[in-house]
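Could you walk me through this structure, starting with how the domains sit and then moving on to the pockets and the sheet?

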Amino acid sequence: MSRPERSRRGSALPAALAIVVVAAIASATLATLARTEILLARNRAAAAAALAAADGCAAAVVSEIPAGWGFDALVLGPDGVAGTADDGGRPAPAGCAATVRAAPGPVDPARAVLRVDAAAGEGRRTIDAVVGRAPQAGVPALLWLTDTAALADVHGSLTLAGMDAAWLTAPFASLAAPFDPAALDGWLAGQAPSVVVSPPARAPLRVSEPPLAELAARARAAGAAPGGTLVATGAPPLALTLTAGDLHVTSLGRGRGLLFVDGLLDITGTFEFSGLVVASGGIRVASAARLDVAGEVWLGSGATFAIDGEARVAADGAALEVADRLLPLPRRAVLTSMRDAS
Amino acid sequence: MSANPGCRGATRGATLVELLVGTALAALVLGACVGAVAAAARLLGALGARAEVEDTAELAVEAFRFDVRRAGFDPAGAGIDPLQAAAADQLTLAADLDADGTVDAASEEVTRWVCAASPSRLSRIIGAQSLPIAAPLARCELRYLDDDGGEISAGTGALSAADRARVRRVVLDLAVETAQGGAPAARHAEIALRRPR
């Protein structure tokens, strides 16, 4: 009785168990492979996201570096003293940290090394970026403002012509200021048709404020003329001029080079200038008066910008370069090269 | 006296026909299983091979991007030219990675990328060391774009120094062939070349 039963039992159970074992091993192997692939893909995605975050952080930090001539002040930190805790610290967007240190080698060209450490999700990347000063003087904008005080109503007419015939591929922006360009767009739209931006012109730029105090100090140190460089007849002399206090132009005044008015530029006649006009206290163009600048206009903190007459600012890169040769102008910080540090 | 037919049937064993049918069914089931497993294995192999070639293409582009991104790194202000040579089939990138103001051609500071034709292979060359990055290739081409996105043609030779100075972006068009045939793993990478402007 027992022998036939044993023989009838067969090998189904061992066979089933073997199949289960083989299937389990195969499943486990597949699961491990899939898990490894998923981890690899996740790591790669995290690394790419972190790298993008580091790039974005570097761009944001560089855009906030004030226009100027060098980077000593940044390296020294707010206290201006080397070897202290605040050396090189820079404000950075959430998720990243940035520090600036002096670059090795010669002082010129002006540059610094920016280290950015950024995290995104599970990834983290560190990059070293070399920050230098832009080759172009100033900012590529017709009006460079320090604050919103200048954004007053225009009762006369203001024409901003961004196209420079010599630089056809790079039109100037109409406005530049250290705040949201949307506010500048809104002001331009709100002032139409009194304010005309003749195309093509780039959209308003967000940049740091013009460093007028240091520019005035440099102009003073360079021996700027105190005034008297505007002429009514003949070719105006190329001049670096720094006037202390307001400047009143009551008839025809024509000039060339760099005019720094450390006060209000008050025009009741006709003012024509080729180069850079800086007015720390602002500009007032009276009714029936005219301002015509080929180059750029920079305004200081709390500056008046009252246009009751006719004003026109037209891009002229060559005139700006001439002014830059008279007195080196501040430049924006730009990222010139980088490497991945981790 | 009469035997129980069911009991007798249960103990009578399998007939030859039953055995043959059983064997045939078992063979069918086993064959189906083996076929399914083999098909799955083939599919898995093909997927693995495809994944591998896609990985190869992706890693090649990542490595190329890594080198182009850091080309021209010049903390010492020595005026490092990021693009030291450029042609349709190769380019040479330079960076002052140790910030000593010089570029050591025998180190990783000078990296050469070569699209070789025979055998078709993309290689990264540092000093005397050549590292194959991707092979075999259906396509490997380097192109150079200026500030406005216009192509600076290298023709059959190399770009002149003046043309190299205009290069703002480097393009790698890469297609890695699969071992099992099928469409190659193609990648198009356009990478900005940083240089003061």
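Here is a tour that goes from chain A to chain B. Keep in mind that this is a predicted model.

Let's begin with chain A and its domains. Where the two touch, domain 1 of chain A puts in 5 residues and domain 2 of chain A puts in 7 residues.

Now for the second largest pocket. Both domain 1 (1–133) and domain 2 (141–326) of chain A contribute residues to the lining of this pocket, so it lies between them. Its volume comes out at about 530 Å³. The lining of the second largest pocket counts 27 residues, and those that lie nearest its centre are A:Trp69, A:Gly70, A:Phe71, A:Asp72 and A:Ala73. In chain A, the elements giving two or more residues to this lining are helix H3 (72–76), strand S1 (89–90), strand S3 (111–120) and helix H5 (212–221). The largest share belongs to H3(A), with 4 residues.

Over to chain B, and an open sheet. Three strands make it up: the order is S6-S7-S8 in chain B, and the pairing is antiparallel. Strand S6 (137–145) and strand S8 (185–192) of chain B are at the edges with a single partner strand each, so one side of each has no neighbour in the sheet. From one strand to the next, the twist averages 10°. Zooming in, strand S7 (residues 169–176) of chain B pairs with S8(B) over 8 bridges, in the antiparallel sense. One of the residues to look up here is B:Arg169, whose bridge partner in S8(B) is B:Ala192.

What lies across these strands? Helix H2 (residues 16–70) of chain B lies across S6, S7 and S8 of chain B, and runs at about 10° to S8(B).

A search of the whole structure turns up 1 cavity of 30 Å³ or more, and the largest cavity has a volume of about 40 Å³. Around the largest cavity you'll find B:Asp67, B:Arg70, B:Ala71, B:Leu93, B:Ala94, B:Ala95, B:Glu108, B:Glu109 and B:Thr111. Both H2 and strand S2 (90–94) of chain B supply at least two residues of this lining. Sorted by class, the lining of the largest cavity holds 4 nonpolar, 1 polar and 4 charged residues.

Conventions. Residues numbered from 1 in each chain as written. Chains lettered and ligands numbered in written order. Predicted model: local features only at pLDDT ≥ 70, side-chain atom pairs only at ≥ 80, totals over all residues. Heavy atoms only, no water. 1 Å grid on protein atoms, 1.4 Å probe; cavity = no way out; pocket = protein on both sides within 12 Å on 5 of 7 lines; lining within 4 Å. Points joined across faces, edges and corners; volume = space filled by probe spheres on them. Domains from an automatic or database assignment. Pairing = 2+ DSSP bridges. Axes fitted to C-alpha atoms, helices over the stretch in contact; angles between N-to-C directions. Contact = heavy atoms within 4.5 Å. Nonpolar A, V, L, I, M, F, W, Y, C, P; charged D, E, K, R; others polar.
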